[in-house]
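Some notes on the model follow, as numbered points. Please read them alongside the coordinates.

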Amino acid sequence: MLQKFQRFGAAMFVPVLLFPFAGIVVGLTTLLKNQDIMNALAHPDSFWYKFWTVIEAGGWAVFKQMPLLFAVGIPIGLAKKAQARAVLASLISYLTFNYFINAILTIWGPQFGVDFEQEAGGVSGLTEIAGIKTLDTSIIGAILISAIVVYLHNRYFDKKLPDFLGIFQGTSYIVILSFFVMLPLALLTSWGWPVIQKGIASMQGFLASSGALGVWLYTFLERILIPTGLHHFIYGPFIFGPAVVDGGIVKYWVEHLNEFANNSQSLKEMFPEGGFALHGLSKIFGIPGIALAMYVTAKSSKKKIISGMLIAATLTSVIAGITEPIEFTFLFVAPVLFLIHALLAATMSTIMYSLGVSGNMGGGLLEVAIQNWIPLFKYHSTTYLTQIVVGLIFTAIYFFLFRYLILKLDVKTPGREDDEEQETKLYTKKDFQEKQAAKQKKNDYAEKAARFLEALGGPDNIAEVTNCATRLRVTVHDETKTAPEKQFLSAGAHGIVKNGKAIQVIVGLSSPQIREQFENLLDHPNRENA
């Protein structure tokens, strides 16, 4: 069951990875259209203002079509074969589902307790999906529909029909099956979702009023569950779903960014729900302290070698918000350090929230600056300066606490290993030339995929494979056939997670490309030796 949840969580990353850039575009254009910052240049009648309005409209594409993106994105991660065809089936099925709801509520809206004459949006509980007026099931509806379609696709895509019905095989057969599933599901949704919407409204009020305790629990769970891959189910409903605000915190924040930027009222008072989107601050302030602790506790002969590795991983965390290269480095050798990390991250976010900080700060420094600090600094400079001071204090706390624990517990972080074979080595010019020659002969992604496949026991040992932003997630038939972690590290992995038959290979941001090459090797095993 855990393997299925992990696979589903990984699939959620497909559309989620589109949000940071879109958020930066919207945040940047909002900044450039702000008259308080740009003065007369940003007058509504100026070419400058109109130009950036056009750019902003493009940035909104992702946020205004989030359910549609999840409907087509989930099959990319979950379909076991013919992913493109699964996407097509999911798209048409999701549209069919919403057309059914539209027709049902147009005819019987009052019987279902829905005033379908209202305008979509606001507190009406209605929205428009690809021009279809329907119930606002947010990404939850999209994920449910796509999951059903992917299940049908994986099970029946290869089903052989009689020759005279051959035209209905494959994708057509999946769409036909989905059509008859969508009708009762639309009826059930038309009846039950309005009730759920009322419950969600009540929950929003409760969580928004839960204050610092709620922020602490949320942030702690979001961090501590990262090794399991289940953290997606913590932040997803808050950040991209309707858990605390309609449409999710990300969408709501960028929609009201201009309003917040021109109001001197406390951010926490204007948008208390934003406390649930401060989990990215540990990426900016916590990870540098951890990296510095690793550096100073390394053996003197290894400091120069690991400094480059730690600097690159730290910049990835601070700027892009990708923390796994650092976090997984100490997770496997000392899980207690990861627990300390989660506790500190939750405490830092809670203290900042208590001091008035709120907003959309789940990503790295670039996203936080463009969507928060820069456009809102005029009226909220004191809050942000206080936040930065608190953050730097926590950087120091991270450093001293991790340094103490690494030495006290004798944690074998990079540069502290006892086994000489595991230590980082300096490569000679000959080593470098041989490595470059090997890269010229073979695609790097394909080479890594081949070596990972070998370490996982070969093609016959692979049950299924998927990926998230930085990990190759594989289910094997026999976990005893997998190689030791050392072999994965020598193949270019940052680390691995083993949980029975579920294996996670930490490969970094190239995980989609490596997965593609991995699947090519599974489809054509002989290519591995080509």
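1. Helices (H or I, at least four residues) and strands (E, at least two) are DSSP runs, numbered from the N terminus. This is a predicted model, in which local features need pLDDT of at least 70 and side-chain atom pairs count only at pLDDT 80 or more, while totals for chains, interfaces and linings use all residues. Residues are numbered from 1 along each chain as its sequence is written, and side-chain values use heavy atoms, with hydrogens and water left out.

2. C468 sits in the loop that joins β3 (462-467) to β4 (471-476). An unreviewed UniProt entry lists C468 under "active site"; such annotations may be inferred rather than shown by experiment. The relative accessibility of C468 is 2%, so C468 counts as buried (under 20% relative accessible area, with exposed over 50% and partly exposed in between; 1.4 Å probe, protein chains only).

3. Q513 belongs to helix α22 (residues 511-523). With a relative accessibility of 32%, Q513 counts as partly exposed. Between the C-alpha atoms of Q513 and A446 there are 8.6 Å, although the two residues are 67 residues apart along the chain.

4. Helix α5 (residues 66-78) packs against helix α7 (residues 138-156) at about 30°, with the axes 8 Å apart. The axes are lines fitted to C-alpha atoms over the stretch in contact, and angles run from 0 to 180 degrees between N-to-C directions. α5 is therefore roughly parallel to α7 (angles under 35 degrees; over 145 is roughly antiparallel, 65 to 115 roughly perpendicular and the rest oblique).
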